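Trainee: Could we go through the annotated sites of this structure together?
Mentor: Gladly, let's take a look.

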Amino acid sequence: SKTPLTVCVSGAAGQIAYSLLPLIARGDVFGRDQLIELRLLEIKPALDALHGVVMELRDCSFPLLTAIVETDDPMVAFQHADVTILAGSFPRRPGMERRDLIARNVSIFKAQGHALDSVASKNVKVVVVGNPSNTNALVLSHFAPTIPKQNITALTRLDQNRAVGQVALRTGVRVDQVDGVAIWGNHSASQYPDVTRATVNGEPALPKLGGRQVVAEDFIPCIQKRGAAVLKARGFSSAMSAANAIGDHLKSWILGDSKIVSMAVASDGSYDVKRGVYFSFPVRCVGGGDYEIVQGIEMDEFSRKYVSATTEELFAERIEALELC
Ligand code: NAX
């Protein structure tokens with residue numbers, strides 16, 4: 001389109017952004033004919049590093065990139081934002097309690113919520129990536145009351161892609177032969193990567209994965225702890241795969257997708273998850289930024305147990321976060 005899409009990225013000097021920015025600027029996310037204006041947000045100590053990233057973006061000579069703004073002020077960064085990707089957050093330090101992590105991030109997402117509410121497009125589409133992402137999305141939404149709750153999401157597409165990748169690897173097929181995998185709940189170790197209705201070449205995946213017990217003992221923990229395993233092996237947390245998943249998330253959400261995908265969205269009572277948290281559900285993206293939570297999935301005892309555990313965790317995080325708001 002001739003009108004540039006205004007895309008804001010926080011944590012823009014970080015490692016996820018370093019993989020994500022070229023995807024966006026090249027047209028891999030919003031289409032090869034969509035002009036892009038980038039508005040990049042960082043904290044003051046990282047502005048020099050951000051400037052280096054901006055120099056490289058200019059050195060790429062991306063034809064779709066019309067303008068780049070660098071700032072440490074969310075009120076500047078979110079100006080007229082159509083899409084906002086929030087990857088900047090306070091990282092968990094060794095020995096840090098969840099409560100401290102939530103407290104640090106409440107102040108960040110409170111300020112960013114205010115700014116989003118004041119200066120972004122009312123139709124802005126937000127994906128929260130910085131951890132604890134579901135609860136950061138909740139805090140953001142709390143402080144951005146004029147932005148519709150359904151316009152704010154948190155990323156669980158990386159978890160879904162990890163699960164699809166593992167089903168393919170373990171059953172010896174290509175990833176595009178796998179369908180029906182869903183992520184429920186929190187982007188944390190309590191998430192439920194659900195393969196009970198997954199198929200491989202149209203046939204049930206569960207027996208091919210060794211049945212429920214093997215899935216419970218091996219497959220599910222593998223996905224739940226995948227982030228930690230990458231961190232241990234690489235010495236850095238997932239970045240390439242996270243950037244790729246953010247691209248997938250936005251492409252599905254904004255352009256629509258014929259496949260069902262997972263994203264953390266405002267709970268509406270579906271599957272007994274009360275309103276008030278950002279919860280990953282399987283959703284159908286119908287295009288134009290609209291989506292619906294897939295209804296009518298029969299949940300057996302096995303799945304119920306996992307969904308309850310991750311729901312409980314999210315409501316505990318909600319209480320901690322709202323006490324600090
Ligand atoms: P980095 O530490 O490389 O980058 C984060 C950047 O955010 C830093 O440059 C920092 O200066 C900046 N920042 C901090 N506070 C900020 C603020 N208030 N405003 C603007 N910028 C701010 O981390 P990276 O590897 O890029 O990961 C970013 C976030 O994604 C982390 O919170 C990480 O835990 C989270 N992840 C979430 C995933 C998900 O699926 N939801 C998966 C990948 C990743 O672990």
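Mentor: Line up your numbering first: residues count from 1 along each chain as its sequence is written. Also, this is a predicted model, where local features need pLDDT of at least 70, side-chain atom pairs count only at pLDDT 80 or more, and totals for chains, interfaces and linings use all residues.

Trainee: Is Val 129 buried or exposed?
Mentor: Val 129 lies in the loop between strand E5 (125-128) and helix H5 (133-142); helices (H or I, at least four residues) and strands (E, at least two) are DSSP runs, numbered from the N terminus. A residue is buried if 20 or more other C-beta atoms, placed from the backbone, lie within 10 Å of its own, exposed if 12 or fewer, and partly exposed in between. Val 129 has 28 such neighbours, so it is buried.

Trainee: Which residues does Arg 162 contact, leaving aside neighbours within four places in sequence?
Mentor: Arg 162 sits in helix H6 (residues 157-171), and with 22 C-beta neighbours inside 10 Å it counts as buried. Contact requires C-beta atoms, placed from the backbone, within 7 Å. Its partners are Ile 223 and Arg 226.

Technical notes. Two residues are in contact if their C-beta atoms, placed from the backbone, lie within 7 Å.
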